[in-house]
Amino acid sequence: MYRLTGSVGQGGRNAHDDVVLVQKQLNKNAHIASAIGTLPETGIMDEATLRAILSFQRSVVRLGSPDGRVDPHGRTWRMLLGDQPQATNVAFVQLSGENGNFYLYEPQDRVWGTPATIQSIRNVAAVLRPHGFEIAIGDISFQQGGKMAPHGSHRRGTDVDIRPVREDGRRAPVTITDPNYSHARTKLLVEALRAEPNLKLILFNDSKMPGVRPWEGHHNHLHVRFEE
């Protein structure tokens, strides 16, 4: 399924099946690359696909001079598949839920992040303390980065899953259609996140929530990405 037979992109062979493979992987990773949107998986190497490759290379692969091409055994393709280990020289630190106005709802081996991301989480939680509710932190990254199933992201220590806030304050999941979902409290959470200088984007499917972008599957959590 994931065997790329030739180069795709600028100067590539751009065989139909190879282009489809790259488009599929770009769509899986679109929310961590940039606001490129969903690519039609046509197998045609068009300008939108090239822009998506370049965006992924700049923001995820961190190439100094993106070439706009995905090679079968190249770094861009490996990172699109999630096989590339942590692509940063910054050592990750583990988030501890003690005395932080938040709790962890995933195992502790999945809550490693860059120092800046971990500090941003703590900053947001501290801002919300006077409002009388805590926030729920899920997946961030593994200690050494790399692929974290079932995500296409969560490799670089800058992506954080956060549950919407419940009206009853229970430490339990909630979706935007649940009667226990608190739009008002979640709005306070979003506002605190947006006030954090390190924030890059928030994906969340509450259509009445300012400052977020809808994305498939994000009705029961906010996907927050920080700059560093």
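Is Asp18 buried or exposed? At 3% relative accessibility, Asp18 counts as buried, where buried means under 20% relative accessible area, exposed means over 50%, and partly exposed is in between (1.4 Å probe, protein chains only). Before the close-ups, a word on where the values come from: this is a predicted model, in which local features need pLDDT of at least 70, side-chain atom pairs count only at pLDDT 80 or more, and totals for chains, interfaces and linings use all residues. Residues are numbered from 1 along each chain as its sequence is written, and side-chain values use heavy atoms, with hydrogens and water left out.

**View A. Arg13 and Asp18 meet in a salt bridge.** A salt bridge here is a side-chain nitrogen of Lys or Arg within 4 Å of a carboxyl oxygen of Asp or Glu. For this pair, the N to O distance is 3.1 Å.

**View B. Lys24 pairs up with Glu41.** Here the salt bridge has an N to O distance of 2.9 Å. Lys24 sits in helix H1 (residues 16-33) and Glu41 in the loop between H1 and H2, so you're looking at a link between distant parts of the chain, 17 residues apart; helices (H or I, at least four residues) and strands (E, at least two) are DSSP runs, numbered from the N terminus. Lys24 is partly exposed at 34%, and Glu41 is partly exposed too, at 39%.

**View C. Arg225 forms a salt bridge with Asp159.** The closest N and O atoms are 3.8 Å apart. Arg225 belongs to strand E9 (residues 222-226) and Asp159 to strand E7 (residues 159-162), so this pair ties together parts that are 66 residues apart in sequence. Arg225 is buried, with a relative accessible area of 2%, and Asp159 is buried with a value of 2% as well.

**View D. Helix H2 is largely enclosed by the rest of the structure.** That's because eleven of its 15 residues are buried, among them Leu50, Ile53, Phe56 and Val60. H2 covers residues 47-61 and reaches 20 Å from its first C-alpha to its last, close to the expected 21 Å; the expected span is 1.5 Å times one less than the number of residues. Just after H2, look for Arg62, which takes a positive phi of about 60 degrees.
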